[in-house]
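Here is a short briefing on one structure. It starts with the ligand and its surroundings, then turns to backbone geometry and a few single residues.

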Amino acid sequence: DRQVDATSTAEERELEAALRPKNLDEFVGQPRVRQQLSLVLQASQLRQAPAEHVLLSGPPGLGKTTLAMIIAQEMNAPLRISSGPAIQHAGDLAAILSSLTEGEVLFLDEIHRISRTAEEMLYMAMEDFRVDIIVGKGAGATAIPLELPPFTLVGATTRAGLLQGPLRDRFGFTGHLEFYDVDELVLVLRRSAMMLDLRLSPDAFVEIASRSRGTPRIANRLLRRVRDWALVHQIHTIDVAAAQAALDMYEVDERGLDRLDRAVLEALCLKFGGGPVGLSTLAIAVGEEVETVETVAEPYLVREGLLGRTPRGRVATAAAWEHLGLRAPDDAQQ
Ligand code: ADP
């Protein structure tokens, strides 16, 4: 139940759906991706053909699913949603592909996790709108070619580098989503607040945005936590003090660090003099699994320039000491 986790829980998806921008104009930030995508869509409308296949890459919560929905909406096409992990066999993919209608948008989330055999089927489907259905087994197996209606594949991946070259090459357009800055997150939050019928002061928006780790999904979640707090405390206009009080209660600090992130930094500074210390020792010191520290806390700490990875182990930077309100030793990494 980490408030700053960038992935969504099942209950959250419905709430999220309500806050999703419906078209490219409502989609905040990512100016380059928006422009390029708009061109791809306009060109396809002029050609009167389905849009080229689109690959969207970037960390969770930055708007990949939202963009897939917008593409379908702008193309006036139905949308089918599936994901790499759900397609374990080529047959699973064949079932989806053979039921697509002309122009349909197929969104495959976590496309890098699709099985090898399905991936090979996808190559042909993307390029020639055709699949070979294998009937029978062993020496008696035969391939029956099946024509598919032209469709648009929108693939999403957390890292484009995880994709095999041949798959990557079959996308006509790749958009890399970047973390959002505070001003952009304020725009996301303003829009959400309007839809949730909430009143906030301008600096309250900035306060929530600053704690949202560059991620609209986290911003919207923190806004809901602030809304709950305001409801219970019967506050009608949420000012910066209310936003701070609410988020402090959920232990999300002014830089978006939560309890685990801070525990890692505190252990690093206070128990190990700022490092270097091995990851497993650090994990034991905070009472967590190595994997949790490595995948949940570290990436953001590294991105924020609070923690460094060196060949001899993890080190706290001068900014980490400062964030904890401590005096950095003279040799702390900058
Ligand atoms: P991803 O698929 O990359 O994990 P989503 O598209 O599911 O992310 O977005 C997560 C949430 O953040 C959604 O509720 C969506 O409304 C919101 N969101 C994401 N990007 C934007 C944006 N650019 N403008 C407004 N809201 C956004």
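Predicted model: local features only at pLDDT ≥ 70, side-chain atom pairs only at ≥ 80, totals over all residues.

The ligand sits in the largest pocket.

**Ligand shell**

**Backbone contacts to the ligand**

- A polar backbone atom of Leu19 lies 3.3 Å from an oxygen atom of the ligand.
- For Leu62, a backbone N or O atom is 3.3 Å from a ligand oxygen atom.
- For Gly63, the distance from a backbone N or O atom to an oxygen atom of the ligand is 3.1 Å.
- How much of the ligand does the protein bury? Taken alone, the ligand exposes 560 Å², and the protein buries 97% of that.

**Backbone geometry**

- Most residues other than glycine have a negative phi, and most peptide bonds are trans.
- The peptide bond joining Gly275 and Pro276 is cis, with omega about 5°.
- Pro276 is placed in the loop between helix H11 (259-271) and helix H12 (279-286).
- Asp197 is not a glycine, yet its phi is positive, at about 60°.
- Asp197 belongs to the loop between helix H7 (182-195) and strand E8 (199-200).
- Gln234 is not a glycine either, and has a positive phi of about 50°.
- The loop that holds Gln234 runs between H9 and strand E9 (237-238).

**Exposure of the positive-phi residues**

- Is Asp197 buried or exposed? Its relative accessible area is 71%, over the 50% cut-off, so Asp197 is exposed.
- Gln234 has 65% relative accessibility, and therefore also counts as exposed.

**Thr9**

- Thr9 is found in the segment before H1.
- Why does Thr9 count as partly exposed? Its relative accessibility is 40%, which falls between the 20% and 50% cut-offs, so Thr9 is neither buried nor exposed.
- Thr9 and Ile284 are 275 residues apart in sequence. In space, their C-alpha atoms are 28 Å apart.

How values were computed:
Residues numbered from 1 in each chain as written. Heavy atoms only, no water. Polar contact = N/O pair within 3.5 Å; in protein donor to acceptor, adjacent residues only side chain to side chain. Areas by Shrake-Rupley, 256 points an atom, 1.4 Å probe, with all protein chains shown as cover. 1 Å grid on protein atoms, 1.4 Å probe; cavity = no way out; pocket = protein on both sides within 12 Å on 5 of 7 lines; lining within 4 Å. Sits in = over half its atoms within 2 Å of the grid points. Helix = DSSP H or I, 4+ residues; strand = E, 2+ residues; numbered from the N terminus. Buried < 20%, exposed > 50% of the residue type's maximum accessible area, 1.4 Å probe, protein only.
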